[in-house]
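Here are a few notes to go with the structure you asked me to look over. Have it open while you read.

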Amino acid sequence: MPAPSNNGEVTQDEEEFDMSLEQLEARIVSLLDTCTYTVFNYTRRGLFDRDKLIVLTLLSFQILLRGGKVDPQEYEALCKGARSPAPPLITDDLSRWMIEGQWAAVDALAAVPGERGSDATAIWQALPERGGV
């Protein structure tokens, strides 16, 4: 129960702040979601179409990073676009749809520690066996 105000009466404003810890956490999450969406909407309206995908991608990555759903090392490797100085030779199958620079970037990403047993990894590994993309 909220503490009484100066004249001994409990006001409506004071009752609104009487929340349990779970209610307060839910309210904070709701406020963060609302603020994130509102800022995104205002930003989206002020951007050219060609810039919207870039802003959406960066915003999505920041949300995923803060939520712990993306490894910061993998994010850094993707954003920097690091290339391996001496990648292995590219196969003929891959050279049909990937240039040497892209292959060097893929080789650099392979050195980044990550979840090697995920479903996405299995799909990418199975592509050359099925005839590629």
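1. K52 is partly exposed, with a relative accessible area of 28%; that label covers the range between buried (under 20%) and exposed (over 50%), using a 1.4 Å probe and protein chains only. D49 and K52 sit 3 residues apart in helix α3, so about one helical turn separates them.

2. A word on the source: this is a predicted model, where local features need pLDDT of at least 70, side-chain atom pairs need 80 or more, and totals for chains, interfaces and linings use all residues. Residues are numbered from 1 along each chain as its sequence is written, and side-chain values use heavy atoms, without hydrogens and water.

3. How many salt bridges are there by this rule? The count is 2. D93 and R96 also make one, their closest N and O atoms being 2.6 Å apart. D93 is partly exposed at 48% relative accessibility, while R96 is exposed at 66%.

4. Now for the helix packing. Helix α3 (residues 49-66) packs with helix α4 (residues 72-80) at about 160 degrees, the axes being 11 Å apart. That makes α3 and α4 roughly antiparallel to each other, a label for angles over 145 degrees.

5. Finally, look at L32, which lies in helix α2 (residues 21-45). L32 counts as exposed, at 54% relative accessibility.

Notes:
Helices (H or I, at least four residues) and strands (E, at least two) are DSSP runs, numbered from the N terminus. Axes are lines fitted to C-alpha atoms, for helices over the stretch in contact, and angles run from 0 to 180 degrees between N-to-C directions. Angles under 35 degrees count as roughly parallel, over 145 as roughly antiparallel, 65 to 115 as roughly perpendicular and the rest as oblique. A salt bridge is a side-chain nitrogen of Lys or Arg within 4 Å of a carboxyl oxygen of Asp or Glu.
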